[in-house]
Amino acid sequence: MTADNRISRIFRKAPVSPGLILLLLTTSGLGIVALVVIAAIWAGTESDAAALDRQRLLVNTRLLDQVERVSNEVRLMKAGLDTLLRVNDISRLDMPPVEFRYQESKKPTAVASFRELATNLFGYDAAFIVAADGSMPFDTDPSIVKRFKWIRPLIQPMIEDLQEQLDVGVSSNWGVLGDVPNRASLLRIEGRPAVAGVVPVKPNTSSQSKLPTTLYLIAFRFLDGKALDALSREQGLIGARYARAADQELNEVEFQIESTSTSEPIGFIIWEPDLPGTRVIGRLTPMLSLAAITFLALFFALIIGIRRSMKKLTESELYARHLANHDVLTGLPNRAMFNERLNHCLSNGEKLTSNDTALALIDLDKFKQVNDEHGHPVGDELLLKVVQRIEVIISTNHTLARLGGDEFALLIPSCALDVSAGPEICQAIIEAVSKPFALKQDSVKATIGCSIGIVHGKDAGFDQIEMLRCADLALYEAKSQGRGKLIAYDRRMNLQVQERDSLRSDLELLLQEPGLQPQPVALTDVGQLEVDLQGVHAADCFGALTCVEALVRWRHPQHGLLTPDRFIQIAEDSGLISTLGARVLQEAITAAATWSSAISIAVNISPSQLRKPNFASQVEKILVEAGLPPHRLELEVTEAALLNSEETTRANLRSLRSIGVKIALDDFGTGFSSLSHLINFDVDRIKIDKSFVNLIGTRAEGTAIVSAIIALSKSLGKAVTAEGVETVGQRDFLVALGCTDLQGYLLSRPVSLDTFSQENHAYFGSVMSI
């Protein structure tokens, strides 16, 4: 008996009681209700605390507002007092005002009138005009003098503080209302909380006057009377009252009033707080009780819902497992599931020699260009339609998987009986994918293709990792041969990989700067780079040499003279292209500086170089050091460098054109051509690829394409160079269309830089009869 059977029998012998389940569920429900009640009480308590803090904050803010209000009002009263001082003799302010001075009846003095104005209009409980030493030059009323004598110790620090500020000249313009220095503070006066304000008054006295030069206006207002009533009404403080000690009741709260200057306690404001949390809890108690009963009643219905939810959960789990092994967009198996199936097929292949397995890696050509040009939604639609076409071709026992991006894998099991089955299927896929696609409701037409590398399990030793590696080698070879190809793995590809790795290592050594080599490598070990030159001639009756294009070669000791197609891609893949391009650019510009000023130099640059932030400055530095005028340099860029170019690329091109360097669009029409390149980048020259020139006189389509490119260039004011001119018929046709320059073996062949320097115009400048 297995362990699983024993466990199953144990559960069958001891079934779980429904009553126990119900008890557990009920206990859980009661626990939830208890948590809800506790949470409600906690929330109410927190709400009460927040409300109490808010009320205290409002009280404190209101008190600070009172201080600010007093500060502003004493400045206003100071302005009024200044007016009073100007219209009355300051030495006689204890007399009645001017309008009462000659009446017989006794009238209030000017100071008494001002004091009445401060108390009645501004609502102050008292106002005084004193000197810095505390004397009262205008008040002789004993009760007023006695009252000020009691409060003087509290006010004197504020006067001294203002006097010190006036002495150091902090506010020389204090006669202006906005610049008047003053002091306002909370303090306890006559045993009651109050807010007092002090402001200096500078009377307009004569030099003979014995009165002090600076007076101080003092005013204070108690906070436990009308001010407290107003505060209670504004802030909703129920039963607000003032107390010297914190003697609040249980249902009351207190707020301590502190002196503004010394932070000493002045007293307490006590009120009955508004506690919304407690009020809400009281209202919710009946509802919570009803909710608890309802919860228990509905809990049993929840059990049924749980059972239904478990079913849906099982379905969701199955769907999640499906997503874990399938691509979200296409629904195809993903890399993990494909590897699992491949491993299974290879295991069977090892057991049965007649059961061979073929693996094909499929990479879409030009998909990125469509995706970047029209957006990801169109790219997704294109992927779905590609999958639909492939699924029509393959059978049900084949596995088509999406490995990522635009790369797919096809697993063809049991193809040993028909070895040609795998290549036939792959060739059919290439033909199907190369047909145009109608996308975005037929508003977009896209033509792409695919490259496929295929390998059989027996050729890779039925090893999963080795099989994927071999298929990837075959795919790389297919793409390097021009795309749209089917290449089967061959053991010689391993030698090609080794050769590429060897060339990459040699190129790294060749491009090392002298100071970076720990052990210098002899020149014969890795060879040397050479720059050949091919002339570009004017398409006129003279055929004069106008420009030469720099073509890099690598003279390798083992492989001989290597053309760019043998090592440029290696440099791109290994990140050496920028260094290589800089070497060629340096040598070409230096040589061109010694030629006739009528001959320009054209140099190819890679997209990687354009993405370097300092590329434009490097070119300018080389031009300055070599002494070559910028207008004699023409940089050739491909459409791939301009497609979805980064801001760094655009900035480099703008900087180069601003100093006079010309920009040529090379191999126009062979890439993902867009007329926006001619406008957005403002190129100076368009170079027609030789693949179109070769069609002149053989296919009508080629003639039409060349004619259209030249006509377009002429309308945009761009110079046109036709590459690969090899026959007189091609030359005559291009001249008749108005092509500005010609390049090809008919006119001149590439020669070494030394040969060109020696022969110069004697070699290239001969007049050609056109």
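A polar contact here is a pair of N or O atoms within 3.5 Å; within protein, one must be able to donate a hydrogen and the other to accept it, and residues adjacent in sequence count only if both atoms are side-chain atoms. Please keep in mind that this is a predicted model, where local features need pLDDT of at least 70, side-chain atom pairs count only at pLDDT 80 or more, and totals for chains, interfaces and linings use all residues. Residues are numbered from 1 along each chain as its sequence is written, and side-chain values use heavy atoms, without hydrogens or water.

**View 1. E477, a buried side chain without a salt bridge.** E477 sits in helix α11, which covers residues 464–480 (helices are DSSP runs of H or I, at least four residues, and strands are runs of E, at least two, numbered from the N terminus). What does the side chain of E477 meet in a polar contact? Its partner is the side chain of Q481, at 3.0 Å. E477 is buried (under 20% relative accessible area; exposed is over 50%, partly exposed in between, with a 1.4 Å probe and protein chains only). R500 is the nearest side chain of opposite charge to E477, at 4.4 Å (Lys and Arg are positive, Asp and Glu negative; His and chain ends are not counted). Beyond its neighbours within four places in sequence, E477 is in contact with I487, M493, Q496 and R500 (heavy atoms within 4.5 Å).

**View 2. N397 in the loop between α9 and β9.** This loop runs between α9 (376–393) and β9 (399–404). Buried or exposed, or in between: where does N397 fall? N397 is partly exposed, at 46% relative accessibility. L411 is 14 residues from N397 in sequence, and their C-alpha atoms are 8.9 Å apart.

**View 3. Positive phi at K440 and D442.** Most residues other than glycine have a negative phi. K440, however, has a positive phi of about 55 degrees, and D442 has one of about 65 degrees. K440 is in the loop between β11 (437–439) and β12 (444–446), and D442 belongs to the loop between β11 and β12 too. D442 is exposed, at 53% relative accessibility.

**View 4. R192 paired with D224.** The two side chains form a salt bridge, 2.9 Å from N to O. R192 is in strand β3 (residues 192–201) and D224 in the loop between β4 (215–222) and α5 (226–235), so the pair ties together parts that are 32 residues apart in sequence. R192 is partly exposed at 32%, and D224 is partly exposed at 23% relative accessibility.

**View 5. R555 paired with E530.** This salt bridge has an N to O distance of 2.5 Å. The pair links distant parts of the chain, with R555 in strand β16 (residues 545–556) and E530 in strand β15 (residues 528–538), 25 residues apart. R555 is partly exposed at 40% relative accessibility, whereas E530 is buried at 16%.

**View 6. R657 paired with D684.** Here the salt bridge is 2.8 Å, N to O. R657 lies in helix α19 (residues 647–658) and D684 in the loop between α20 (676–680) and β21 (685–688), 27 residues apart. Both are partly exposed: R657 at 27% and D684 at 23% relative accessibility.

Terms used. Salt bridge = Lys/Arg side-chain N within 4 Å of Asp/Glu carboxyl O.
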